Amino acid sequence: MCGINGILHLQSQKKVDERLLARMRDALEHRGPDDKGLFVENNIGFGHRRLSILDVSAAGHQPFLSDDGRYVMVFNGEIYNFKDFYAELKSKGFDIKTNSDTEVLLKLFQLHGLKMLHRLNGMFAFAIWDKSEKKLLLVRDRMGVKPLYYSFYNETLYFGSEQKALFTAGVPLKIAQDGLEEYIFNRFVAGENTLYENVKKVLPGHTMIIEESGKITIEKWWDLKNEIQQHSKISNPVDWFRDTFDDSLKLRMVSDVPVGVLLSGGLDSSSILASLHHHKYKDIQTFNIGFKEQEHDESHLAKMLTEKLHYGFHTLQLENQKLHDNLIAATYFQDEPLMHLSEPHLLGISQVAKPSVKVLLSGEGADELMGGYVRYKALQFPTLLHSIATLGSIDMFAKKPRYEKLLRYAQIKNNQDLILFNGCNMYPDDILHTYGIGKAPDNDYRKQIYKDAKSLYPDNLRRQALYFDQHTYLCSLLDRNDRCTMGASIECREPFLDQRLIAGLGSLEDKWLFKGKKGKFILKSAMEQRLPDEILKFRKVGLSTPWGDYITKSPAFKDELESFSNSEIFRMPFFENINSKKLIHSLERGDANAISYIMPLFMMHIWMKNYVSQFSSVLDLM
């Protein structure tokens, strides 16, 4: 796990400034405090910050050069099955000199080129410079666990693990109008675009080749739709899932440093811990985020399970000034306004874990793969949704927050928008009435994913929503996990996101996912002999946080709320008609819905005040 960056001048006579390259690299120091390296040759330069996980010796130093001197690579991530290739590489005459997956990755590329990608089980973002053909290759893993951003500016390509590396190099920080619209309507920017003008992501499962001439070739090397369609029939789904999940977990325990578990107390992370115990892993430390508010807290379940399995337990409640400080820090690490609202807590528990472990296992992905969100239930009977839309005046719906949200959701008229806005807290009519913003984003990427989902699962809105979330919402969760854990210099691994599980689950019948009150039927069936009933039957909480109480009752947020009411964002063209004081008053008087409207704006205020100012003036934003 590392931070990578690079510069390629398309004017081949222009030399890379080593000092600028080093500043980009060191903006990513939190991603790799153990070692640092540079490679510069005329118009190309690579930087690397290393977090040592496999082969912690100096042999794992990067940038990594091939034995013949032709290729240079910087690599962020882990190839879990790297030792499986030893025999093949040795038989082809390659000498394995380290215990690092980096060496194996580059030698596989030398032997097979990009065809080797399908054989990798791992999470990765890497860049390879071919000195002979003068080509730069950028690659990202199947699900986008590892981030990779780039920008073309002044006839130069800049790339890095985080946007801040690009801004450090001088790429202008400027908000994209369509990115801002997508942030407001859909909570985050999906696809290759970002919140910023002229800053893009390499898409998950894609490669990008940049030639010195400026020619760019982007290709998809892994397609989930094809993987699902071509998957063979699974004859015994429960056994298949349990065996594959266990194997995925064993692969993700490959490490030369201690590995711990992010343990919420919910089904997903508890399944990870139970499987570790089943396979007799010893001395596992678990790390839990607790809340004093009972409706948000699962720490008692996490503590109970660790005691039962004889593992270590550490918990954290984040409040008041520490919460405020972590909010500011998480905003810096995230590079964009916080969206999930749990980022300060995840950063905090990663900081608690850092003295004990360098790797944390997370249950991320289980909900999107196996139907774990309540919001999917609304899509089971779309005709019933349309009936609910006519019941707006009935008090039963108007006075209960969950029913009230369902009522607002039911006002959406077409299936495409039911999918596009299923993961949102606000819907287009809400934004029009509360913010005065009526122009919805183009959402071209989201619409293409919906089209793929519809062709794969015709007339099945729940499955369409899962496929859609796997390409959109899950990507934002993985980015949150990466930024928050790496903010504490810890690597995060997700056992549920093994490619065998992703494709296999996508091929199963609905009953294995949606049966029962809470979804994830196949996971519960596979774990029923390993987990106690208290966890198997406990209501789903997830990592939800009571931000309404935080910002109105915590002394640490008193001044921040006042600053928010007069924020610069309300002088921006997109937000100039919003009555900030009215929104705050609604929140203070206990309006449960107000938090959904305030938090995107509040987090943008925090971001602008504490992040943007480091790279640009507010006048440059729009």
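Is F602 buried or exposed? F602 counts as buried, at 0% relative accessibility; buried means under 20% relative accessible area, exposed over 50%, and partly exposed in between, with a 1.4 Å probe and protein chains only.

This is a predicted model, in which local features need pLDDT of at least 70 and side-chain atom pairs count only at pLDDT 80 or more, while totals for chains, interfaces and linings use all residues. Residues are numbered from 1 along each chain as its sequence is written, and side-chain values use heavy atoms, without hydrogens and water.

**Aromatic pairs**

A pair of aromatic rings is described by the distance of the centres and the angle of the planes. Rings of Phe, Tyr and Trp (its six-membered ring) pair if their centres lie within 6.5 Å; planes under 30 degrees apart are stacked, over 60 edge-to-face, and the rest tilted. By this rule there are 28 aromatic pairs. Two of them are listed here.

| Pair | Centre to centre | Angle between planes | Type |
|---|---|---|---|
| F82 and Y86 | 6.1 Å | 80° | edge-to-face |
| F557 and F602 | 6.5 Å | 45° | tilted |

Because F557 lies in the loop between helix 25 (547-553) and helix 26, and F602 in helix 28, their pair ties together parts 45 residues apart in sequence. Helices are DSSP runs (H or I, at least four residues), numbered from the N terminus. F557 is also buried, at 0% relative accessibility. In the other pair, F82 is buried at 2% and Y86 at 17%.

Ring pairs also link F167, Y196, Y332, F333, W607, Y611 and F615 into a cluster.

**Nonpolar cores**

A nonpolar core is a set of buried Ala, Val, Leu, Ile, Met, Phe, Trp, Tyr and Cys residues joined through side-chain atoms within 4.5 Å. The largest has 189 residues, of which F241 and F575 touch the most other members. Helix 28 (residues 594-610) supplies the largest share of this core, 11 residues. Apart from neighbours within four places in sequence, F241 is in contact (heavy atoms within 4.5 Å) with M370, F496, L501, L505, I522, L523 and A526. A second, separate core of 19 residues includes A127, L136, F159 and M208.

**Charges over rings**

A charge sits over a ring if NZ of Lys or CZ of Arg is within 6 Å of the ring centre and within 35 degrees of the ring normal. R375 lies over the face of Y473, 5.2 Å from the ring centre. The charged end of R462 sits over the ring of F514, at 4.1 Å from its centre.

Conventions:
Helix = DSSP H or I, 4+ residues; strand = E, 2+ residues; numbered from the N terminus.
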